[in-house]
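The following exercises are meant to be worked through with the sequence and the structure in view. Each task is followed by a solution in steps.

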Amino acid sequence: MADPVDLDRLLPDARAFLSELADNNDRDWFRDNKARYDSQLKRPSEKLLARISAWLGETRGTPPRTKLFRPHRDVRFSEDKTPYHTHLHMMWSLPDGRVWMLGISPDYATLGAGLMQFEPAQLDRWREAVASDRGTDLAALVAEAGWRVDPPSLQRVPAPYPADHPREDMLRCKGYVAWRDDLDEALAADPAASIREVITEFAPLMDWLGEIA
């Protein structure tokens, strides 16, 4: 029997659903369209997560855990009480904390890779590494690839490193994630193939981070 889940429809179907959700962000609308969410966003996302996880297990030796983020927002401490996210996010994670993340919304299609939050020992190893020649190599890799990187968490360079260190921006990071943006055409053409291609591009970054993870 043919698989009814069509991955090639994920991007346009997700964007259509999320655009409508942005205009009707309430529980009644979502309840009335829950079956559509399940068939057009949830099940294709789960299939994509499983397919990429199996490929990563074959190519990198460790199958990652997968996560499809819930559409429901936590509004307990937010002034914005709209109940649902208007994006679709999913993640593949390794035991040491390294992750790959896919994000789709009406306005963006992006894939990221890195370590979102360093553990204390990882943070020490990160700072020691980026302050050395290894940091020069990482900065050159990211610049050459043209990846967008999450901004640093800290306003000041931590001691004992000088404020004018050539990689002061990296020293101010408490996690490190790089992003390949503008994946609209690639995801529309072949989601699984395009994700495999970008993950392969991220391999040097993930290997670098694996040495401090």
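## Exercise 1: The sheet

Strand 2 and strand 3 (residues 98-104) run antiparallel and are joined by 6 bridges. The model is a predicted one, in which local features need pLDDT of at least 70 and side-chain atom pairs count only at pLDDT 80 or more, while totals for chains, interfaces and linings use all residues. Residues are numbered from 1 along each chain as its sequence is written, and side-chain values use heavy atoms, with hydrogens and water left out.

Task: determine in which order the 6 strands form the open sheet.

Step 1. Strands here are DSSP runs of E with at least two residues, and helices are runs of H or I with at least four, both numbered from the N terminus. Two strands pair if DSSP finds at least two bridges between them.

Step 2. Begin at strand 2 (residues 88-93). Strand 1 (residues 65-68) is joined to strand 2 by 4 bridges, and the two run antiparallel; here K67 stands opposite M91.

Step 3. On the strand 3 side, S93 stands opposite V99. Strand 2 and strand 3 form a hairpin with 4 residues between them, and G97 in the turn has a positive phi of about 100°.

Step 4. Strand 5 and strand 6 run antiparallel and are joined by 2 bridges. R148 has W179 in strand 6 as its bridge partner.

Step 5. The order is therefore read as 1-2-3-4-6-5, since two strands count as paired when DSSP finds at least two bridges between them. The pairing is antiparallel. Strand 1 and strand 5 are the edge strands, each pairing on one side only.

## Exercise 2: Aromatic pairs

Task: classify the pair W126 and Y176 as stacked, tilted or edge-to-face.

Step 1. Rings of Phe, Tyr and Trp (its six-membered ring) pair if their centres lie within 6.5 Å; planes under 30 degrees apart count as stacked, over 60 as edge-to-face and the rest as tilted. The structure holds 9 aromatic pairs.

Step 2. The ring centres of W126 and Y176 are 5.0 Å apart and the planes stand at 40°, so this pair is tilted. W126 lies in helix 4 (residues 120-130) and Y176 in strand 6 (residues 176-180), 50 residues apart, and the pair thus links distant parts of the chain.

Step 3. Both W126 and Y176 are buried, where buried means under 20% relative accessible area, exposed over 50% and partly exposed in between (1.4 Å probe, protein chains only).

Step 4. A further pair is W147 and F202: the centres are 4.8 Å apart and the planes at 45°, so this pair is tilted. W147 and F202 are both buried.

Step 5. One aromatic cluster is formed by F17, W29, F30, Y37 and Y84.

## Exercise 3: The nonpolar core

Task: which residues touch the most other members of the largest nonpolar core?

Step 1. A nonpolar core is a set of buried Ala, Val, Leu, Ile, Met, Phe, Trp, Tyr and Cys residues joined through side-chain atoms within 4.5 Å. In soluble globular proteins, nonpolar side chains tend to be buried together.

Step 2. The largest core has 54 residues, and W92 and W126 touch the most other members. Helix 3 (residues 34-60) gives the largest share of this core, 7 residues.

Step 3. A second, separate core of 5 residues includes M91, V99, M101 and W179.

## Exercise 4: Buried or exposed?

Task: are D38, D107 and S194 buried or exposed?

Step 1. D38 lies in helix 3 and has 17% relative accessibility, so D38 counts as buried. Apart from neighbours within four places in sequence, D38 is in contact (heavy atoms within 4.5 Å) with R43 and P44.

Step 2. D107 lies in the loop between strand 3 and strand 4 (109-115). Its relative accessible area is 72%, so D107 is exposed.

Step 3. S194 is found in helix 8 and, at 10% relative accessibility, counts as buried.

Step 4. The buried residues of helix 8 include P191, A192, S194, I195, V198 and I199. They cover an arc of only 165° around the axis (taken from the directions from the helix axis to the C-beta atoms), which puts them on the same side of helix 8.
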